[in-house]
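Please look over the sequence and the model before reading on.

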Number of protein chains: 2
Amino acid sequence: MTTTPPPDFDRETAVHASAGEPGSYDTDLPGAWKVGQGINGGVLLATTARALSAELGTPRDDRPGHPDPLSVSAYYLSTATAGPAVIRTETVRRGNSLSHGGAELLQQEEPDAGPVARLRVLAAYGDLDDQAGDVLTAAKPPELAPVEQCIGSHAAPPEFRAESPMLTRADLRLDPSCVGWAVGAPSGRGVMKGWFRLPETRDPDPLLLLMAVDILPPASFELGMVGWAPTLELTAHVRARPAPGWLRVVHSTRNVAGGYMEEDAEIWDSADRLVAQSRQLARLPRQS
Amino acid sequence: MTTTPPPDFDRETAVHASAGEPGSYDTDLPGAWKVGQGINGGVLLATTARALSAELGTPRDDRPGHPDPLSVSAYYLSTATAGPAVIRTETVRRGNSLSHGGAELLQQEEPDAGPVARLRVLAAYGDLDDQAGDVLTAAKPPELAPVEQCIGSHAAPPEFRAESPMLTRADLRLDPSCVGWAVGAPSGRGVMKGWFRLPETRDPDPLLLLMAVDILPPASFELGMVGWAPTLELTAHVRARPAPGWLRVVHSTRNVAGGYMEEDAEIWDSADRLVAQSRQLARLPRQS
């Protein structure tokens, strides 16, 4: 009799150095993070960032290691599926305070054909512990209803949950002001916000922030455009190591035009610090 | 007797296919766009984007050409100087509606050493004429004083202009609300805005938009931090082909912390359309 192990984000996004291929890492993309047709884009980003962290975080040639993603830009090329994948990293430059790298996440689609690229990444890594402490932030934390008054994604209809296991994998609580779309009454404001944590006992870290920037339903849902809004490009800046506890996540869009929208995300930690910011360019859902 | 030819952005950012090296382009970085120690980051971005446009804009293998940058992410690696440079492009993927590419801009520093990378880029290209016409933008054009009431960068002190020829090369007019920094009285708001055009007769296009997202002084000037704020990463989204005439550019920052700031840029065209958005992560100037 086999038992299903409890969910574990670090195991789900683990990478292992490929035998005989320096700079390459094997991973197994987790079906638990499936959403619609593919694997959640934030999970792909966090997994790829983990491989770059292994590569750039190791000191080499008298240069210090830089384990933390400061800025990561990802271009999504094709839909990733649950199962084996390879991440090929490239060290672009090693400096004293920063290192730069590139990475490609690939999967085999046909046994006899070459692997297909899912994601390409460019990134700058550093050490968040080295950063100066001054904070002059003008941004304000989002106004959110208390966690217990927010709506959990496990409350989604069963057919929704069956297609998107991620809805029950993440502990996500949407603010009541942003769930009108679910009952056919979107607010008309391009804002989506809520609380997020992993259900297992695991505190947030920079990798989880990279996952969290794409964790909410698209802000376009609240504009009445309920449908898959595939990410073309997403850049995330990790600005500080997050404090333990719940994260607050806000997605918003201001420019819906030409078949695309920009979507900005902010992540605030339990100490009221703006710990990550991201912007993505997403294709609007096709309207029937 | 030699005469100096009139300024011409297209000549300054021209690229020529390198002999015998497919995908590589030669360029000559223009001293006219020097600002402080290096060449303006937006000019480097536009020049690199022009090489990718030459590469991805050419139809190949039954795939259409995609001449327009839709999203470009740039990581700045070292300070570029006036003079020869090479841009090596890589075609990542050619699709029906989008193509993806990467590029590296390099310069020779020492005659006997290998070239040094200045900039690495990942990008998605398409055709802006193919895009749907619907616009649901919630963003509003910036409030700017009329051009003739704004302050031209040619009014900068002579020692400033001598070090940064770009100040007289660009026709930039800052809103009076954003020039307090120049007289030691910054507003304390992290906003910089103004009008921009090229002094020669040349209408804006997607390449000029990529240049314009980094054309203003840093928003940190108006927070009292007057100094060079080098860009670590900049991603620009081109959202529409701009109408002829002046561009309005706004830079703003909300999160100044840990030695870095994010800086968002919006560019509005003369038809009141938000034609480009960008976000960069910049290192804060060192405070004395």
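## Where the chains meet

Chain B and chain A share 39 residue pairs in polar contact, both residues at pLDDT 80 or more; such a contact is a pair of N or O atoms within 3.5 Å, where within protein one must be able to donate a hydrogen and the other to accept it, and residues adjacent in sequence count only if both atoms are side-chain atoms. On the side of chain B that touches chain A, β5, β6, β7, β8, β12, β14, β15 and β16 of chain B each give two or more residues. β16(B) provides the largest share, 7 residues. Strands here are DSSP runs of E, at least two residues, numbered from the N terminus.

This is a predicted model: local features need pLDDT of at least 70, side-chain atom pairs count only at pLDDT 80 or more, and totals for chains, interfaces and linings use all residues. Residues are numbered from 1 along each chain as written, chains are lettered from A and ligands numbered from 1 in the order written, and side-chain values use heavy atoms, leaving out hydrogens and water.

## Extent and charge

In all, 53 residues of chain B are in contact with 52 of chain A (heavy atoms within 4.5 Å).

The rule finds 6 salt bridges across this interface (a side-chain nitrogen of Lys or Arg within 4 Å of a carboxyl oxygen of Asp or Glu). Asp264(A) and Arg279(B) are joined by a salt bridge at 3.3 Å, N to O.

## Around Ile215(B)

Leaving aside neighbours within four places in sequence, Ile215(B) is in contact with residues including Trp33(B), Met166(B) and Phe196(B).

Terms used
Helices (H or I, at least four residues) and strands (E, at least two) are DSSP runs, numbered from the N terminus.
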